Amino acid sequence: MSERRAYLDRGIGETRGVVTLDGRPERLLIRRDDDEPRLRLGARLIARVTSLEPALGTAFLDLGAGAEAILPFKPDARPVRGQSIEIEIRGEPRRGKLAQARAIGPAEGAPRLIAAPDVLADLEALSHGARLVEGAAARQVADEAEAEALEVLHPLPGGGQIAIEPTRALTAIDVDLSDRKGGDAKRVTRQANLAALGMAGRLLRLKGLGGIVVIDLVGRGHDGNALLAAARAAFGPDNPGVAIGPVGRFGTMELSLPRRIRPLAERLCRDDGALSDDTLARRLIRRLQAEAVAQPGARLAAVCAPGVAAAAAPLGALLAEQIGARFSITADPGRARDSLDVGQAR
């Protein structure tokens, strides 16, 4: 039976929540103090309809404070321009796309936030009430979850790997088994595909990926019924909204998964795929925190690229309130962006 556990890492200007499935990260929730709470999954608001696209069955909403969302509607439930509606965010914004809302009912007044989602409540729901772990253990699990969410290649138990690569149109998953020689090749291939489906479900939830997913299975002559049953089990936690197709003639399986949270790669990386200055700055601050605990009273020094140093400045002010002004952050123009040096000051 699968076991889920919950971890909460309270950082400087950021809270990270992790749910693990059988010891591996399955969900990673990131809440930053400068996030717009109106756009978080589960937020409830009063919104105003600003325009309609009847041909698309879509209304555009003003959520206040410059935030926007879209509201899909059916012909018999068409809203009116200028109308106030109580809504819930059902899909966070992603690159090039607005947040998606669900209508709750009529409302009055200007756009405003009614209730923002609570990370503790989200963790409890996603982990089915598992005991919460905090402190150093939670930070380590959150760091590992962050790293795994950004990987492309993931090893399969027993050999082989899967590659997960999102594109503008869909997410492609390739199952690869390097060694299929011998009399047990069919059994090994079958086990690899079944394991890949289970791992794909966990990893897509961790990465925050949804929409159309195409899985290129390994081998041929697949047991369609067994694979379909395995896919239903693997993606069951993503319901409602999951649709799974049969194995096609080319050995692929297609799925449609609901898009709910912003993809983790978009949160942590720039458009070119490199870690953002903000993400690197938060890693730098966490290292300073760790050194402050390991070396009580010592003066600490951090050296990083200029963009990272600029992003770390406001976080450093918050860190100083916690450990005192016993550290410095120096910008080095010649340093690589991902090179973070933290140690005792000389």
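How many nonpolar, polar and charged residues does the lining of the largest cavity have? In this predicted model, that lining has two nonpolar, two polar and six charged residues. The space in question amounts to about 70 Å³, and the count of cavities of 30 Å³ or more comes to one. Its lining is made by Asp 9, Gly 11, Ile 12, Glu 14, Arg 16, Arg 139, Arg 282, Ile 285, Arg 286 and Gln 289. Strand 1, which covers residues 4-11, strand 2, which covers 14-21, and helix 6, which covers 277-294, each supply at least two residues of this lining, and helix 6 gives the most, with four.

Towards helix 7 (residues 306-323), the axes of the two helices come within 8 Å and cross at roughly 35°, and helix 6 passes helix 7 in a right-handed crossing. On the side of helix 6, the contact is made by Asp 277, Asp 278, Leu 280, Ala 281, Arg 282, Leu 284, Ile 285, Leu 288, Gln 289 and Ala 292, while helix 7 contributes Gly 307, Val 308, Ala 311, Ala 312, Leu 315, Gly 316, Leu 319, Gln 322 and Ile 323. By class, this contact of helix 6 with helix 7 has twelve nonpolar, four polar and three charged residues.

The other packing brings helix 6 together with helix 2, at an angle of about 155° and with the axes 13 Å apart. Because angles over 145 degrees count as roughly antiparallel, helix 2 and helix 6 are roughly antiparallel to each other. Their crossing is left-handed, and in it Arg 139, Asp 143, Glu 146 and Leu 150 of helix 2 meet Thr 279, Arg 283, Arg 286 and Gln 289 of helix 6. By class, the contact of helix 2 with helix 6 has one nonpolar, two polar and five charged residues. Arg 139, Arg 286 and Gln 289, which take part in this contact, are also among the residues that line the largest cavity.

A further packing involves helix 3 (residues 185-207) and helix 4 (residues 224-235), which lie at an angle of about 20° with their axes 9 Å apart. That angle makes helix 3 roughly parallel to helix 4, and helix 3 passes helix 4 in a right-handed crossing. From helix 3, the residues Arg 190, Asn 193, Leu 194, Leu 197, Gly 198, Ala 200, Gly 201, Leu 204 and Arg 205 meet Ala 226, Leu 227, Ala 230, Ala 231, Ala 234 and Phe 235 of helix 4. By class, this contact has ten nonpolar, three polar and two charged residues.

By class, the lining of the largest pocket has 13 nonpolar, five polar and twelve charged residues.

The second largest pocket has a volume of about 540 Å³ and is lined by 26 residues, of which Arg 27, Leu 41, Leu 126, Arg 260 and Ile 261 lie nearest its centre. Strand 3 (24-32), helix 1 (119-126) and helix 3 each supply at least two lining residues, and strand 3 gives the most to this lining, with four. By class, the lining of the second largest pocket has 13 nonpolar, four polar and nine charged residues.

Two features of the backbone remain. Most residues other than glycine have a negative phi, and most peptide bonds are trans. Asp 22, in the loop between strand 2 and strand 3, has a positive phi, near 50°. The peptide bond from Asn 239 to Pro 240 is cis, with omega near 0°, and Pro 240 lies in the loop between helix 4 and strand 15 (243-244).

Definitions and conventions
Residues are numbered from 1 along each chain as its sequence is written. This is a predicted model: local features need pLDDT of at least 70, side-chain atom pairs count only at pLDDT 80 or more; totals for chains, interfaces and linings use all residues. Side-chain values use heavy atoms; hydrogens and water are left out. On a 1 Å grid over the protein atoms alone, a cavity is a set of points where a 1.4 Å probe fits but cannot get out, and a pocket is an open set with protein on both sides within 12 Å along at least five of seven lines; lining residues have an atom within 4 Å of a point. Grid points are joined across faces, edges and corners, and a volume is the space filled by probe spheres set on the points. Ala, Val, Leu, Ile, Met, Phe, Trp, Tyr, Cys and Pro count as nonpolar, Asp, Glu, Lys and Arg as charged, and the others, Gly among them, as polar. Axes are lines fitted to C-alpha atoms, for helices over the stretch in contact, and angles run from 0 to 180 degrees between N-to-C directions. Angles under 35 degrees count as roughly parallel, over 145 as roughly antiparallel, 65 to 115 as roughly perpendicular and the rest as oblique. A crossing is left-handed if the near helix is turned anticlockwise from the far one by less than a right angle, and right-handed if clockwise. Contact means heavy atoms within 4.5 Å.
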